[in-house]
Amino acid sequence: MDFSADEIIANLSLSPHPEGGHFRPMARDAGLAVCGSEAATEYRLLTAEDADDWRPVEATEIWAFYMGAPLEIEIATDLGLRPLVLGPDQRQIAAPAGAWRRMRSQGDWSLAACSTAPGLAIEAVEASHV
């Protein structure tokens, strides 16, 4: 079954993301607050036209592929640049805290999810793009 990016955006109630593409928070677990943090997961959809430029990774990000075209994720650390492809052959990757990351869809659109602990508030992401 083929879906368009617009259908996915509508079906999942995604909103524009300040870094490009669309997103929707999926889950936030305040139960980890006793450890000093909480976890969060969000959907993220990028189309071929969306630019997700280099950004710092504030908390380790676990990316999981859901559907669409593979998602190219580049991660830069002190050890160098690591280009990865998140897709049917590699369903999960991690971007470590302190690294820099950028992404782009290798096709019409890509749908993935990102989980972080501690969870990042979208207000913090928006403030870093002013």
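**Buried charges and nonpolar cores**

Arg 44 is buried, and Glu 19 is buried too; here "buried" stands for under 20% relative accessible area, with "exposed" kept for over 50% and "partly exposed" for whatever falls in between (1.4 Å probe, protein chains only). The model is a predicted one, so local features need pLDDT of at least 70 and side-chain atom pairs count only at pLDDT 80 or more, while totals for chains, interfaces and linings use all residues. Residues are numbered from 1 along each chain as its sequence is written, and side-chain values use heavy atoms, with hydrogens and water left out.

Back to that pair: Arg 44 and Glu 19 form a salt bridge, and their closest N and O atoms are 3.7 Å apart. A salt bridge here takes a side-chain nitrogen of Lys or Arg within 4 Å of a carboxyl oxygen of Asp or Glu. Arg 44 sits in strand β3 (residues 39–47) and Glu 19 in the loop between β1 (15–16) and β2 (22–29), so this pair ties together parts 25 residues apart in sequence. (Strands are DSSP runs of E, at least two residues, and helices are runs of H or I, at least four; both are numbered from the N terminus.)

Glu 19 also meets the side chain of Arg 101 in a salt bridge (3.8 Å, N to O). Since Arg 101 belongs to strand β9 (residues 100–105) and Glu 19 to the β1–β2 loop, the parts tied together are 82 residues apart in sequence. Arg 101 has a relative accessible area of 2%, so it counts as buried, and Glu 19 is buried at 7%.

Over at Arg 102, the side chain pairs up with Glu 74 in another salt bridge (2.6 Å, N to O). This one links strand β9 with strand β6, 28 residues apart. Arg 102 counts as partly exposed because its relative accessibility is 30%, whereas Glu 74, at 13%, counts as buried. Shared partners join Glu 19, Arg 44, Asp 52, Arg 55, Glu 61 and Arg 101 into one salt-bridge network, and the structure holds nine salt bridges.

Now for the nonpolar side. A nonpolar core is a set of buried Ala, Val, Leu, Ile, Met, Phe, Trp, Tyr and Cys residues joined through side-chain atoms within 4.5 Å. The largest one has 15 residues, and those with the most contacts inside it include Trp 63, Leu 71 and Leu 86. Strand β6 gives the most to this core, with three residues. A second, separate core of nine residues includes Ala 5, Ile 9, Tyr 43 and Trp 109.
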